[in-house]
Amino acid sequence: MDIVEVEVDKLYRDQFGKLLSALLRFSDDIDLEAAEDVVQDTFSAALVGWKMDGLPDNPAAWLYKVSRNRALNKIKEAKKFVKKNAGGGGDGVGGVDGIVGEDGFGEVEKEGKGAPIEDEQLILLFACAHPDLAPKVQVVITLKYVVNLKVEAIARILGLTIDGIDKMLTRARQKIRDERILFHEPSAAALKPRVQSVHKVLYLIFNEGYKSSWGKELIREELCEEALIMTRALCRSVVGDPETHALYALMLFNAARIKARFGRDGELLDLEEQDRSLWDQDLIRLAMVNLESAHGGVVSTYYCEAAIAGLHCAAERYGATNWNAIIRIYRQLLGLQANPFVELNYAIALYYSGDKVQALRILHELEKQAFLGRYYLLHASLGRIYAAEGNKGLAKEYLETTLRLTNAPDEIAFVRRLIKKVE
Amino acid sequence: MDVRIPSAWMSLLFTNFNIKRMQKFMLIVREDLAELKRSGEEERFRRMRIMTAWAESLQESVNFLGGEPLELARRLVTRDQVLSDGPFIEAKEGISGYIMINAENIEQAAAIAQGCPLVQQGFLIMEVSPILLNNGC
């Protein structure tokens, strides 16, 4: 790649969503699909033009100016040009050096009532968390329009086909076409009801990056970073609430342990095996601060999960883990989110807290359920517990069933190691 | 390690929860029971594993509440008689199980149901309905 390609690539990642959002808010007469085309064309034009004439002084401002002009032409062509912000702006964009958000559209908008959220990316994030869409689709469109990932990358990350993603996008665009949040200055009151959906999207994006089953892929850590950046921005905005801080704390506690999750040969390590000196103490401290800020708000599932992660992070050694506090928080979590998967985690914590009888009773109850009975983590947990209890036969049986129930290479390797230990 | 556990956490244990509750929905799973019977245990277990993986992804998005598949044995009861197997097992679509989820609204619940891989592959269809709550009328 030459210097122009590198620059365009970087701008694409940083600016695509912002350009898109700015265009949509600039005029009611442009819908998402048309705006996407315009931004895409602008980038193509930039690539060709800049290769011939060299980089402009302020490439981002160039993109804003050109994309807006193209959008205007498009609207004029359709002969229904209605300018949303009459009397706003003018053309003070070209060649201006400085922060792009303050040029072009930014300028037009700031003459308005003053948006509570000035970050285009955050507004787009709220638009993507449309309550009519399935959370998975919300994640896909957020990765596309806010994180600016290409469709191929999204497909790879989520284990979906490109075709499947395209279908989701087509359906989602129709919803977003009617989305008023994008077209008008959003007030805090308009955004507030959607904060929980936004939290969930951020949580899911972080999890996609964090999932152990994928191993150490670089793009995944970037996904965690993106989620952290967006969550931090939300914390600092006027719509951020204590739950946002809880979510941020949860992400930070997990992020602090990222480097310790894999061993020297890239093998997956569990909490007991991890080298705790590799845990990032700065991130843990930051997480603790955010958890304190979360206190006093609504107790969310994120709050409980963060508190559990925090108790793990606070334990100097695995043996020093405060399991009694952890099981009490799991009980609260069950009150918020009763489902067999949370019960499974509760039972595991119960076992380590010393209540072996109750733990095994719950696990064997779960085993009787048709769906959970075929869940690899349930069998893996029973295998580990029986191994710890010295029941080699049962341990091996459960671990071998686990192998039949998962396809993830890292997890298969992990279970194989457990089986070897038992033998 | 100089990490301190905030004492405030422990008051978490005495906090009242006033979280905004999402609405509850039942996804009634319908499939061709005759085909399901013919395809055998192995295939049935394969589909259950797919459902488990899907349920796991729903639990991650805080949407999953529970669910169970049904056995194939049926009795149809009317005022005068009890019918076994017979007509309804021959029907193209019988109820083969249910899933309970949380969702923002019926649009989202339907969108979630449509994301089930077995729906996508055409093995089954789902009927999505909100659970009726007593709203004081």
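This is a predicted model: local features need pLDDT of at least 70, side-chain atom pairs count only at pLDDT 80 or more; totals for chains, interfaces and linings use all residues.

Residues are numbered from 1 along each chain as its sequence is written, and chains are lettered from A and ligands numbered from 1 in the order in which they are written.

Student: Over which residues of chain A does pLDDT stay under 50?

Tutor: pLDDT is the predictor's confidence in each residue, from 0 to 100. Chain A has a mean of 83, and 86% of its residues reach 70 or more. The stretch under 50, for which the model has 52 contacts beyond four places in sequence, is residues 79–115.

Student: Which element of chain B gives the most residues to the side that touches chain A?

Tutor: A contact is a pair of residues whose C-beta atoms, placed from the backbone, lie within 7 Å. By that rule, 38 residues of chain B are in contact with 42 residues of chain A. Elements that each supply at least two residues to this side of chain B are α1 (8–11), α2 (33–60), β2 (64–69) and α4 (106–114), where helices (H or I, at least four residues) and strands (E, at least two) are DSSP runs numbered from the N terminus. The element that gives the most, with nine residues, is α2(B).

Student: In β6(B), which residue is the bridge partner of B:Glu31?

Tutor: Strands pair if DSSP finds at least two bridges between them. Strand β1 (residues 23–31) of chain B pairs in the antiparallel sense with β5 (residues 94–103) over nine bridges, and B:Gln23 has B:Ala103 as its bridge partner there. β1(B) also pairs in the antiparallel sense with β6 (residues 124–130) of chain B, over seven bridges. In β6(B), the partner of B:Glu31 is B:Leu124.

Student: Is A:Asn148 buried or exposed?

Tutor: A:Asn148 is in the loop between α6 (135–145) and α7 (151–158) of chain A, and its phi is near 65°, positive in a residue other than glycine. A residue is buried if 20 or more other C-beta atoms, placed from the backbone, lie within 10 Å of its own, exposed if 12 or fewer, and partly exposed in between. Because A:Asn148 has 20 other C-beta atoms within 10 Å, it is buried.

Student: How many C-beta neighbours does B:Val62 have inside 10 Å?

Tutor: B:Val62 lies in the loop between α2 and β2 of chain B. Its phi is positive, about 60°, although B:Val62 is not a glycine. B:Val62 counts as buried because its C-beta neighbours inside 10 Å number 23.

Technical notes: Two residues are in contact if their C-beta atoms, placed from the backbone, lie within 7 Å.
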